[in-house]
Amino acid sequence: RSSEGRRSTMRAVPKCSVKLTEYLEDLRKKEDLELLREPIKEHGLFPEDADADKTPITIEELKNLVRIWKLNWSPGFWKMNPLKEDLVNALLEYREEVLHLPRNPVKPAGARPSR
């Protein structure tokens, strides 16, 4: 035994802790996706009959934004980014590195927490 001096104990993780972690991860993903709403609106990629401020962002809008920003010109782009989450991350990376827009939205100076 190479680990005689060390004893590792496994503790059960509370279900509420797991649920909270999952919820926060989902919230982060939704916030990341919402950062792409403005460029999708600017390029008119939502269906004409949809409310651009409320309609869900689908993988089709993301693919169209990829084409407009020409990310698909990179060899193997579609193969390396097959999932919606992959496209979101690639678009956010481009938004941050090329367009120099922060990944985390900047709060206005007078912003106060909601109640």
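Trainee: What makes Glu-61, Leu-62, Leu-65 and Val-66 of H3 count as buried?

Mentor: The cut-off does: buried means under 20% relative accessible area, exposed means over 50%, and partly exposed is in between (1.4 Å probe, protein chains only). Glu-61, Leu-62, Leu-65 and Val-66 in H3 are buried. They cover an arc of only 145° around the axis, so they sit on the same side of H3. That arc is taken from the directions from the helix axis to the C-beta atoms. Keep in mind that this is a predicted model, where local features need pLDDT of at least 70, side-chain atom pairs count only at pLDDT 80 or more, and totals for chains, interfaces and linings use all residues. Residues are numbered from 1 along each chain as its sequence is written, and side-chain values use heavy atoms, with hydrogens and water left out.

Trainee: What covers the buried residues of H3?

Mentor: The cover includes H1, helix H2 (37-42), helix H4 (77-80) and H5. A helix here is a DSSP run of H or I with at least four residues, a strand is a run of E with at least two, and both are numbered from the N terminus. By that count the chain has five helices and zero strands, in the order α-α-α-α-α.

Trainee: Which residues does Leu-62 contact, leaving aside neighbours within four places in sequence?

Mentor: Contact means heavy atoms within 4.5 Å. With those neighbours set aside, Leu-62 is in contact with Leu-33, Leu-36, Ile-40, Ile-57, Lys-84, Leu-87, Val-88 and Leu-91.

Trainee: And what makes a set of residues a nonpolar core?

Mentor: You need buried Ala, Val, Leu, Ile, Met, Phe, Trp, Tyr and Cys residues joined through side-chain atoms within 4.5 Å. The largest one here has 19 residues, and Leu-36, Ile-40, Leu-62, Leu-65, Leu-71 and Leu-91 touch the most other members. Helix H3 (59-68) and helix H5 (84-97) each supply at least two residues of this core, with H5 giving the most, six residues. In soluble globular proteins, nonpolar side chains tend to be buried together.

Trainee: Is Lys-63 buried, partly exposed or exposed?

Mentor: Lys-63 is in helix H3 too, but its relative accessible area is 25%, so it is called partly exposed. Not counting residues up to four places away in sequence, Lys-63 touches Trp-78 and Leu-87.

Trainee: What comes after H3?

Mentor: Lys-70 follows H3, and its phi is positive, near 65°.

Trainee: How do you know that Arg-28 forms a salt bridge with Glu-25?

Mentor: The rule asks for a side-chain nitrogen of Lys or Arg within 4 Å of a carboxyl oxygen of Asp or Glu. For Arg-28 and Glu-25 the closest N and O atoms are 2.7 Å apart, and the pair forms a salt bridge. Both lie in helix H1, three residues apart, about one turn of the helix. Arg-28 also meets Asp-32 in a salt bridge, at 2.6 Å from N to O. Shared partners join Glu-25, Arg-28 and Asp-32 into one network, and the total by this rule is six salt bridges.

Trainee: Which of those three is buried and which are partly exposed?

Mentor: Asp-32 has a relative accessible area of 7%, so it is buried. Arg-28, at 32%, is partly exposed, and so is Glu-25, at 33%.

Trainee: What makes the pair of Lys-41 and Glu-38 a salt bridge?

Mentor: Their side chains meet at 3.2 Å, N to O. Both residues lie in helix H2, three residues apart. Lys-41 is partly exposed at 28%, as is Glu-38 at 42%.

Trainee: Last one: which residues make the nonpolar surface patch?

Mentor: Leu-20, Tyr-23, Leu-24 and Leu-27 make it, and it spans about 390 Å². Patch residues have over 30% relative accessible area and no salt bridge; nonpolar side chains (Val, Leu, Ile, Met, Phe, Trp, Tyr) are joined within 5 Å, like charges within 9 Å. Areas come from the Shrake-Rupley method with a 1.4 Å probe, and for residues only the protein chains shown count as cover. Leu-20, in helix H1 (residues 15-34), has a relative accessible area of 49%, so it is called partly exposed.
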